[in-house]
Amino acid sequence: MPPNATTDLVTDHEDINALMDRLDPALEAGDPEAALRQLDVLWARLGVHIRSEHLLTFEALREARPSGSDVSEGELEETHLRLREDHDLFMRELSAVAKLLKEHRGINEDAPMPAGMTDHVREHLDRVLRVLDTHTGVEEQRGYPWREKWLSPEKQEMIREQMRYQLDNVPARFALEAGSEEG
Ligand SMILES: [Fe+2]
Ligand SMILES: [Fe+2]
């Protein structure tokens, strides 16, 4: 399949999973600075991804759903509501992790995280991971195919360009490669 808005988002899911994994070595080492750097990258990339889904895609699908579609308006709304709730959970849990790390740094500067704190951080991340797989499954198996069926190629390309523009304008330090150099 040639690259399009869907393959971009699917690739982005893979990148986001990779960024979640990259938090692990920092947590193993109890290194709050490294964890914050990785979290920063993850936050920025996930933010672009979620904005693209909310602002560009959900509304476009609402407008484009054919009246005779076997997907009812209720099913579409319910799916989007659930995805939105997941997105809110991701951002809430990641922001709780950032708060813990920053509080620790404020008090202890570079001192390693105590094991109890690392466990606490992992609990927040586990809440994200428990939902993430199902979430991307719903998007890739339902939401994105709806988009390919209902939206004109021009509209899909416009959405793709807007997301690419945002990704290209994410500061260099948030690029996936920058994350790997730091980590
Ligand atoms: Fe999503
Ligand atoms: Fe997604």
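1. Helices α1 and α3 are roughly antiparallel to each other. Their axes cross at roughly 160°, and an angle over 145° counts as roughly antiparallel. The two axes come within 9 Å. Helix α3 covers residues 32-64. The crossing of this pair is left-handed. Please read this and every point below as a comment on a predicted model.

2. On the overall fold: the protein chain has seven helices and zero strands. Along the sequence the pattern is α-α-α-α-α-α-α. Taken along the principal axes, the C-alpha atoms fill a box of roughly 60 × 30 × 25 Å. The chain has 183 residues, and 21% of them count as buried.

3. Helix α1 spans residues 5-21, which is 17 residues. From its first C-alpha to its last, α1 reaches 25 Å. That is close to the 24 Å expected at 1.5 Å a residue.

4. Which residues of α1 are buried? They are Ala5, Leu9, Asp12 and Leu19. These four cover an arc of only 70° around the axis, which puts them on the same side of α1. Thr11, Glu14 and Asp21 sit on the other side of α1 and are exposed. Note that an aspartate, Asp12, is listed among the buried residues, whereas Asp21 is exposed.

5. Helix α4 runs over residues 73-108, and helix α5 over residues 115-150. They pack at an angle of about 155°, with axes 9 Å apart. That angle makes α4 roughly antiparallel to α5. The crossing of α4 and α5 is left-handed. By class, their contact has 13 nonpolar, six polar and five charged residues.

6. Where does Glu109 lie? Glu109 is in the loop between α4 and α5. Its backbone needs a check by eye. Phi of Glu109 is near 50°, a positive value in a residue other than glycine. Most residues other than glycine have a negative phi. Is Glu109 buried or exposed? Glu109 is exposed, because 9 other C-beta atoms lie within 10 Å, and 12 or fewer is the cut-off for that class.

7. Gly74 belongs to helix α4. Gly74 counts as exposed, because it has 8 C-beta neighbours inside 10 Å. How far apart are Gly74 and Thr118 in space? The C-alpha to C-alpha distance is 41 Å. In sequence, Gly74 and Thr118 are 44 residues apart.

8. Thr136 is found in helix α5. Thr136 and His13 are 123 residues apart in sequence. In space, their C-alpha atoms are 7.2 Å apart.

9. To sum up the helix pairs: α1 and α3 are roughly antiparallel, and α4 is roughly antiparallel to α5. The α1 and α3 crossing is left-handed, and the α4 and α5 crossing is left-handed.

Definitions and conventions. Residues numbered from 1 in each chain as written. Chains lettered and ligands numbered in written order. Predicted model: local features only at pLDDT ≥ 70, side-chain atom pairs only at ≥ 80, totals over all residues. Helix = DSSP H or I, 4+ residues; strand = E, 2+ residues; numbered from the N terminus. Expected span 1.5 Å × (residues − 1). Buried ≥ 20, exposed ≤ 12 C-beta atoms within 10 Å, placed from the backbone. Arc of directions from axis to C-beta. Axes fitted to C-alpha atoms, helices over the stretch in contact; angles between N-to-C directions. Parallel < 35°, antiparallel > 145°, perpendicular 65-115°, else oblique. Left-handed = near helix turned anticlockwise from the far one by under 90°. Nonpolar A, V, L, I, M, F, W, Y, C, P; charged D, E, K, R; others polar.
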